[in-house]
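These are my notebook entries on a chain that I looked through piece by piece. I wrote down what I looked up and what I found, in the order in which I went.

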Amino acid sequence: MTLTWAQLRDLKCGELEGAADGWGKASNRADAGRDRIETQLLNGLRDTQHGEAAKAAVGRLRQMSRNLSYVYTECGLLRTTLNSLAHELRAQQRALREALDDAEALKFTVHADGSVTYPAAGEGLIDGKPLPGGTATVGAQAPGLHPPPGMVAPNPNVAKAQDIADRVAKAVRTAAEIDWRYARILRKLKAEEGLKVPNSTWKDAAGDAAAVREAARGYLKAAIPYDASPAERKAWWAALTDEQREEYLAVYPDRIGNLDGIPALVRDAANRDNIQLLMGKLEGRDDTKSETQLAALREIDRQLRVGSKPGEPPMYLLGINDEGNGRAIVSFGNPDTSKNVSAYVPGLNTSLDEDFAKNDLKRARDTAIGTRIHDASSASIVWLGYDAPQSPDGLDSLAVMGDERAEKGGRAFNGFMDGLSATNHDGDPHFTAIGHSYGSRTVGAATQQGGGIPGVDDIVLVGSPGVGVGRAEDLGVGSDHVFVGAAEHDVVTKLPSRQESTVGIVGTIAAGPVVGYVAGDLADQGDDDLWFGKDPASEGFGARRFPVDEGPSLLSGGRITFDAHRQYFDPERDASSANSIALIAAGKPERVKVEEHR
């Protein structure tokens, strides 16, 4: 049926918004049910029940939670689709009514087909009589817009009537296009029958979300303050109504969950939904990158669902997406309510893969557990918010170890830390930046931008090939607040300077740059210059060096091992280093033992 201007005029957009409210309530109920399963039922079962029956019950509850997550997402998408439809149609109603009001004020008549009749007006140049009226039709060429023949003046109402007719037609035509576009989206927003929500359904949900996001650009997305400061974003979120927040979380969990300045609890809630959509998006793709990232997402999702062990800090997902080599920010402990917050930046070869999901998350978890021994009000974060360099397979030059990604990553890290400063509730929080391997170079780059790393009081550098500056005092927190751990057998901490190195890489290490050389020594060439500048463990650099285990040698047990580069955070393999990091992160650096520089 063809839409008429009378139908558009009389359309009750409030009824669409009422229907949206109904879907919103259904979405909220699903969210509440999911939250009860995750925070009450599952925890209660795990703590009090054991055996096969308990395991089976946990499995069924997790399936129900997954189903409710899907209901929450789809109902939220329906709510926003209807609200966005009402928003766009109301804009066309306003345009129509303005045109009709103009016609009424001029005493024109707008007919059902959109044509506009105008009365006689003006006066002839010869006889002075009013010029006859007429009717302007949609798309007609208005005669009054062209010079009249002979001595006949135009009727001044001609152009006005034509303008009104065209405005009425445009409002109706645009509204019809809006209706058609949203009808297609609404027809797709339906679930498959059955009690389970398989991966294929989440794949469809990801497509649904993408369609609704595209449609809701003017309604929601345009208002997200991407270019604002974290403090301004926090204020923007606080000023939204509950309904507006619910819509953003349902439709743009990827945007809200990765926006610095948004509170941690909100980011976590958004990203727990976003990770489901990301897994659905990557399902069925057979390229290596998608398969690698999907494995990581599944492992992170598993850890989120299992939850923390009794006595361990809870897990918060502060960022997740598949940009570049992948992004993931995970906190153990709530950084908004903790006095002590540490953020660990991993290094070369780190990407969103299964190794990151298991080992890098464990490093942050170990640090959080150790820090809480000294101060219970602590949170520890692993921040993969940049594309760390990836060392290629086979022989290659040390050019892979450039500065560009550290500089770009440093800017992103500063934005994240600025966000933590904005959302932290403690009146005087203590922040620690921890850089491992190439991550120490990224932390070094962050200190050189603007006023340094926002809020950071102490800096820890472990397994560092240099940080890009010559002295600890150049990092902006004072040399007494820069701490270095460098294992005797960690070859990364002994990389020769770029001028001294003429040899190639023969392999890679996860989260670390170089595994060996074709020729030459594995150590620095007799001075304290490393690949990225002065050796942080040297006396000339001027940091405080804490004791660490020397670690296994490069050739240990008849094989090449790089465990000396990997064990700084591990309380079992290097208790001295792990405890020193924990003391610094807990705001008790004066208790850290120091050793001689090398």
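Predicted model: local features only at pLDDT ≥ 70, side-chain atom pairs only at ≥ 80, totals over all residues.

Entry 1. I began inside the sheet and asked: how many of the seven residues of β9 are buried? I found that six of them are, so to speak, under cover, and I noted β9 as mostly covered.

Entry 2. I then wanted the whole sheet, and I wrote down an open sheet of eight strands in the order β4-β5-β7-β6-β8-β9-β10-β13, with mixed pairing. Its edge strands are β4 (315-321) and β13 (544-545), each of which pairs on one side only. As a case of antiparallel pairing I looked up β5 (residues 327-332) and β7 (residues 378-384), which are joined by five bridges; Phe332 has Ser380 in β7 as its bridge partner.

Entry 3. Which helices touch this sheet was my next search. Helix α13 (residues 438-447) packs on the sheet, where it touches β6, β8 and β9 (456-462), and its direction makes about 135° with that of β8. Helix α11 (residues 354-374) lies across β4, β5, β6 (340-345), β7 and β8 (430-436), and I noted that it runs at about 160° to β7.

Entry 4. I turned to the largest nonpolar core, which has 53 residues, and found that Trp236, Trp237, Tyr248 and Ile256 are those with the most contacts inside it.

Entry 5. Last, I looked up values for the protein chain as a whole, which has 15 helices and 15 strands. Of its 598 residues, 52% count as buried, and its accessible surface comes to about 26500 Å², of which 51% belongs to carbon and sulfur atoms. Among the contacts between residues at least 6 apart in sequence, I noted that 74% join residues at least 24 apart.

Note on methods. Residues numbered from 1 in each chain as written. Heavy atoms only, no water. Pairing = 2+ DSSP bridges. Helix = DSSP H or I, 4+ residues; strand = E, 2+ residues; numbered from the N terminus. Contact = heavy atoms within 4.5 Å. Axes fitted to C-alpha atoms, helices over the stretch in contact; angles between N-to-C directions. Core = buried A, V, L, I, M, F, W, Y, C linked by side-chain atoms within 4.5 Å. Buried < 20%, exposed > 50% of the residue type's maximum accessible area, 1.4 Å probe, protein only. Areas by Shrake-Rupley, 256 points an atom, 1.4 Å probe, with all protein chains shown as cover.
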